[in-house]
Amino acid sequence: MKFKVNGHEVFASTGGRPFDKKKPLIIFVHGSGLTHMTWVLQTRYFAFHGYNALAVDLPGHGLSSGKSLKSIEEMADWVRSVIDAVGHKEASLVGHSQGCLVTVECTSRYPDKIKTLSLMGGAGAIPMNPELLSLAENNDPKAVDLMMDWAHGPAGHFGGHPVPGLYHINTGTMLAKSRTIQNTLGVDFRACDNYKNGFEAAKKIKCPTLSILATDDKMCPVKEGKKLASLIDGSQVDIIDNCGHMMLLEEADRVLTVLKKFITTNYPPLSS
Amino acid sequence: MSDKKKELKPNTYKFDTLSLHAGYQPHKNAGSRQVPIYQTTSYLFDDVDHAAALFNLERGGHIYSRISNPTVGVLEERVASLEGGTAALATSSGMSAIFLTVMTLCEAGDHLVVSSQLYGGTVNLFRLTLPKFGIKCTFVKPRDTEGFKKAIQKNTKGIFGELVGNPGNEIMNMPEIAKIAHDAGIPLMVDATYQTPYLCKPFEHGADIVIHSLTKWMAGHGSSMAGILIEGGKFDWMQNDKFPTMTKPYEGYHGLSFAEEFGPTAFTMKARAEGMRDFGPCLSPQNAWNVLQGIETLSVRMKKHCSNAEEMVKYLSNHESVAWVSHPSAPNHPDAELANKLLPNGKGSMIAFGIKGGKDAGVAFINNVKLASHLANVGDTRTLVIHPASGTHSQMDEATLKFAGLSHDMIRLSVGIEDIDDIKNDFEIGFRAARKPRLVSNQ
């Protein structure tokens, strides 16, 4: 569906079901340089089971217009505006990687609006490798290739996509190259590198929170994810073996099973 | 110790490694080192919720082997990885892959621009069968790049061609034709069977959909029929209103828009969800496994195919019984420069040559070679020969044969990986027999 936030058109996938204001809202926030499509193996379940599942394209990404937002704080405010723009008072948030920084910051800023928080491959800070940052800011496609290499675990490098016929690494590469690299990945990496408030923001979070981490995640290692989770009261942690940073694709079923249980328990669907 | 900072390099697996490993994780398959053959029609659902989730495309998995199968899935991922594509869909043959591609792209009333130099079966599909579905085609000679542009109409939905035409070895200027297609907002579909991804990756030169008859060099051993379509993932289906079945809500899947939901894999998802469901040209798991065995040695075989082919080009070019030779490695080939650009790892192993003495000499040659097999296939490990005008392209009338670049003296040769001296010796037997009737008739 399309709607406007701050005068710019936003695209969000609704998981293949019509948006229905009566249903509780879950907003999925993608990682650096990526799009709503990374969530396809999570959103469709929720969309078919009593929720409005809204996988947004951040401004300047995917099918959304406008320029990419330059800071995690701006993105957090933007997510809050999405809740208002679609006519809801509250939402559950799900973030991946950079999306975790955004949703942590958003939840700490707007505690009354956010009912649950689910973090995948999250950390309190994501400092960037300076060379990778420079490549992305200089529009070098090698930045995408490096990101896809590091984002997939050893098993993920062989493929084994849960959807028959799809090949992880090339699909991710196409998503990250679908817009100008320096305007998406470059801006996002800089925003991640600049963001320093993650641990402080985490301390303010009181809503039910889940962290899904993966043993072979090189980009946000388990140690960092646990550190963040330890600062959030009552945070649940689930660790997936033999999986990298792209857990939402590499181990889509496992992620969905954990996410389903957490969200339906803490933020029940509209019963049919 | 050096102070020099190490340059960052992606460590994703390279071609030869992907040929052996892509798409398969042993630890998820009882540790089986070899890809298991899932010889089954269907798959247990955990519960009703799980079944509904699979039917609604909420999660990945298998329902029924007409739609997908785990062994076939490994093959699909492996070929997608080798081509640099986002997704692939394997079918029962190369022809069914072409048909499925067209039916995923087009509706009745649509039009395609098609290269005229194609495998005879493909010509008949585009010329005679697709019009029965309301899809019309305009044929353009592969070297007539500007002709592709001129043939585009308002209702044109794509351009289709074989990168190196069968059997005349004329090469399409793929980068230029891709640009023409993209300027018109339509995709370029390339049948790259002759090349395999070892010789050319069409996505790097602008193609949007690549098709293979896997039966040929990919499987390589003449044992199994299979086809595949691969998606490049770059084509923007939403850039115009030409592709409503990709972009508008689809009644067959609860109002799903394939382009919005699946982006760089939308075409393959639609081909599977709609095409495999409704037409059902599924690949058997046994054949998928056979093709996988072939792909494991693809680069090794292709090197030998190409080196043998280059030797045969030299041999034939200097032979008294040969009127002409066409192969992209020949220095006098009209597309030699383009071939060097598009086919840097080798020019393939398909040679067309004209035998002096015309059709009768051709028949005598084919009837007398002993090592080379006379049959309707290409890309076997063994050397194959055929006389296209009386075999693969025999259903064409005289005018169509001429337009497709075929002549009655043409022999199509698919060079195998036997010892090169044995192939040449065998050809000497054939040529001697081919000269014999002429010697007799000259007396």
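## Where the two chains meet

Let's start where the chains touch: 37 residues of chain A are in contact with 45 residues of chain B. Keep in mind as you read that this is a predicted model. On the chain A side of this contact, helices H1 (40–47), H4, H5, H6 (168–176) and H11 (252–266) each supply at least two residues.

Which helix of chain A gives the most to the side that touches chain B? That is H6(A), with five residues. Sorted by class, the side of chain A that touches chain B has 20 nonpolar, eleven polar and six charged residues.

## Two helices of chain A

The axes of H4(A), residues 130–137, and H5(A), residues 142–151, come within 8 Å and cross at roughly 135°.

You can find the meeting point by looking for A:Leu132, A:Leu135 and A:Ala136 in H4(A), which meet A:Lys142, A:Ala143 and A:Leu146 in H5(A). By class, this contact has five nonpolar residues, no polar ones and one charged one.

## The sheet of chain A

Now look for the strands of chain A. Eight of them form an open sheet in the order E1-E2-E4-E3-E5-E6-E7-E8, and the pairing is mixed. At the edges are strand E1 (2–5) and strand E8 (236–240) of chain A, each of which pairs on one side only. From one strand to the next, the twist averages 25°.

One antiparallel pair in chain A is E2 (residues 8–13) with E4 (residues 52–56), joined by two bridges. Here A:Ser13 stands opposite A:Ala55 in E4(A). H9(A), residues 222–230, touches strand E7 (209–214) and E8 of chain A, and its direction makes about 170° with that of E7(A). H11(A) touches E3, E5, E6, E7 and E8 of chain A, with its direction at about 165° to that of E6(A). H11 is also one of the helices that supply residues to the side of chain A that touches chain B.

## A closer look at strand E5 of chain A

Is strand E5(A) mostly covered or mostly uncovered? This strand, residues 91–96, is mostly covered, with six of its six residues buried. In a regular strand, side chains alternate between the two faces of the sheet. In E5(A), you can see A:Ala91, A:Leu93 and A:Gly95 pointing one way and A:Ser92, A:Val94 and A:His96 the other way, and all are buried.

Strands of a sheet pair through backbone hydrogen bonds, either parallel or antiparallel. E5(A) pairs in the parallel sense with E3(A), residues 25–29, over four bridges. In that pairing, the bridge partner of A:Val29 is A:Gly95. E5(A) also pairs in the parallel sense with E6(A), residues 114–120, over five bridges, and A:Ala91 stands opposite A:Ile114 in E6(A).

## The sheet of chain B

Chain B has an open sheet as well, formed by seven strands in the order E1-E7-E6-E5-E4-E2-E3, with mixed pairing. Its edge strands are E1 (87–91) and E3 (136–140) of chain B, each pairing on one side only. Neighbouring strands of this sheet are turned by 20° against each other on average, direction ignored.

Strands E6(B), residues 209–213, and E7(B), residues 227–231, run antiparallel and are joined by five bridges. To find one of the paired positions, look for B:Ile211, whose bridge partner in E7(B) is B:Leu229. Helix H4(B), residues 94–105, lies across E1, E4 (156–162), E5 (188–191), E6 and E7 of chain B, running at about 40° to E7(B).

## The two domains of chain B

How is chain B divided into domains? The domain assignment gives domain 1 (15–294) and domain 2 (300–442). Their centres, taken over C-alpha atoms, are separated by 30 Å.

The contact between these domains takes 28 residues from domain 1 of chain B and 33 residues from domain 2 of chain B. Helices H5 (120–129) and H8 (196–199) of chain B each supply at least two residues of the domain 1 side. By class, the side of domain 1 that touches domain 2 divides into twelve nonpolar, 14 polar and two charged residues.

Conventions:
Residues numbered from 1 in each chain as written. Chains lettered and ligands numbered in written order. Predicted model: local features only at pLDDT ≥ 70, side-chain atom pairs only at ≥ 80, totals over all residues. Axes fitted to C-alpha atoms, helices over the stretch in contact; angles between N-to-C directions. Contact = placed C-beta atoms within 7 Å. Nonpolar A, V, L, I, M, F, W, Y, C, P; charged D, E, K, R; others polar. Domains from an automatic or database assignment. Buried ≥ 20, exposed ≤ 12 C-beta atoms within 10 Å, placed from the backbone. Pairing = 2+ DSSP bridges.
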